[in-house]
Amino acid sequence: MTFDELLTTRRSIRKYQDIPVPLDIVKEMIRESTLAPSSGNEQPWKFIIVDNKQMLERMSTESKNNILARIDANPDDYAKKYQGLLQNESYNVFFNAPCLVIILGNSGVKNLFVDCALAASYFMMAATSRGLGTCWVNLGTQIHDPEMKKKLNIPDDCTIVAPITLGYPVSIPSAPKRNDPEIIKIITPRQE
Ligand SMILES: Cc1cc2nc3c(=O)[nH]c(=O)nc-3n(C[C@H](O)[C@H](O)[C@H](O)COP(=O)(O)O)c2cc1C
């Protein structure tokens with residue numbers, strides 16, 4: 001796959017085949033994602049692999065309930081537009097994917113979100129290059145239940161940045177429309 005093909009083939013995948021992803025391959029892709037740049041080369045990313053559909057269902061319910069509670073407390077919450085979807089009991093925020101990789105890190109790290117997002121981007125490309133599909137699922141970040149956090153080994157001082165579903169896609173959808181890039185200024189050698 002050329003780099004250009006990689007960029008155009010990577011899509012957010014929301015339908016997965018019921019085929020497990022070998023753990024060795026997941027670990028290989030995680031290693032590749034750590035080739036991403038990070039501020040001061042701090043590499044603040046940590047990873048959790050959830051290779052268990054029942055656990056993913058419980059995590060989906062936990063995250064949905066927490067977001068719904070947040071919307072109840074604040075009707076202006078950004079997730080309000082997803083309220084109907086989140087109220088649908090059969091909606092699994094992780095799309096019944098066979099695997100989830102969570103990228104997280106210490107909440108005190110200044111550039112945590114930028115660094116982890118870069119690792120997430122590399123991870124999604126590493127998956128695409130192997131014929132695997134991914135989707136970054138913000139709706140799955142709200143894991144607060146202490147028991148569940150303990151099971152997942154999420155330390156209290158860590159924040160989940162990117163839960164990424166992983167699996168073999170049923171099909172690859174066409175790209176949602178992109179806007180033309182907004183280049184707001186070009187300064188040439190002859191201009192200031
Ligand atoms: C930070 C972030 C959060 C996202 N959260 C969700 C989500 O919760 N659920 C979902 O279905 N897709 C989610 N997506 C996927 C976007 O909807 C998707 O990237 C966008 O529609 C463009 O489609 P493409 O990835 O196929 O190019 C998220 C993407 C990003 C970058």
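Is leucine 100 buried or exposed? Leucine 100 is buried, at a relative accessible area of 0%; buried means under 20%, exposed over 50%, and partly exposed in between, with a 1.4 Å probe and protein chains only.

Before going on, the provenance. This is a predicted model, in which local features need pLDDT of at least 70, side-chain atom pairs count only at pLDDT 80 or more, and totals for chains, interfaces and linings use all residues. Residues are numbered from 1 along each chain as its sequence is written, and side-chain values use heavy atoms, with hydrogens and water left out.

Back to leucine 100, which sits in strand E2, residues 99-106. Setting aside neighbours within four places in sequence, leucine 100 has contacts (heavy atoms within 4.5 Å) with Ile48, Ile49, Val50, Leu56, Met59, Phe94, Pro163, Ile164 and Thr165. Asparagine 41, by comparison, is 59 residues from leucine 100 in sequence and 26 Å from it in space, C-alpha to C-alpha.

Now the whole chain. There are six helices and four strands, both taken as DSSP runs numbered from the N terminus: helices are H or I with at least four residues, strands E with at least two. The order from the N terminus is α-α-β-α-α-β-α-β-α-β. Of the contacts with a separation of 6 or more, 82% are between residues 24 or more positions apart. Buried residues are 42% of the 192 in the chain.

Along the principal axes, the C-alpha atoms fill a box of roughly 60 × 40 × 35 Å.

Last, the ligand. Which residues are around the ligand? They are Arg10, Arg11, Ser12, Arg14, Phe95, Cys135, Trp136, Val137, Asn138, Leu139, Pro176 and Arg178, where near means one heavy atom within 4 Å.

A ligand nitrogen is 3.0 Å from a polar backbone atom of tryptophan 136. A ligand oxygen is 3.0 Å from a polar backbone atom of leucine 139. With arginine 178, a ligand oxygen is 2.8 Å from a side-chain N or O atom. The protein buries 67% of the 620 Å² that the ligand exposes when taken alone; accessible areas come from the Shrake-Rupley method with a 1.4 Å probe.

Methods
A polar contact is a pair of N or O atoms within 3.5 Å; within protein, one must be able to donate a hydrogen and the other to accept it, and residues adjacent in sequence count only if both atoms are side-chain atoms.
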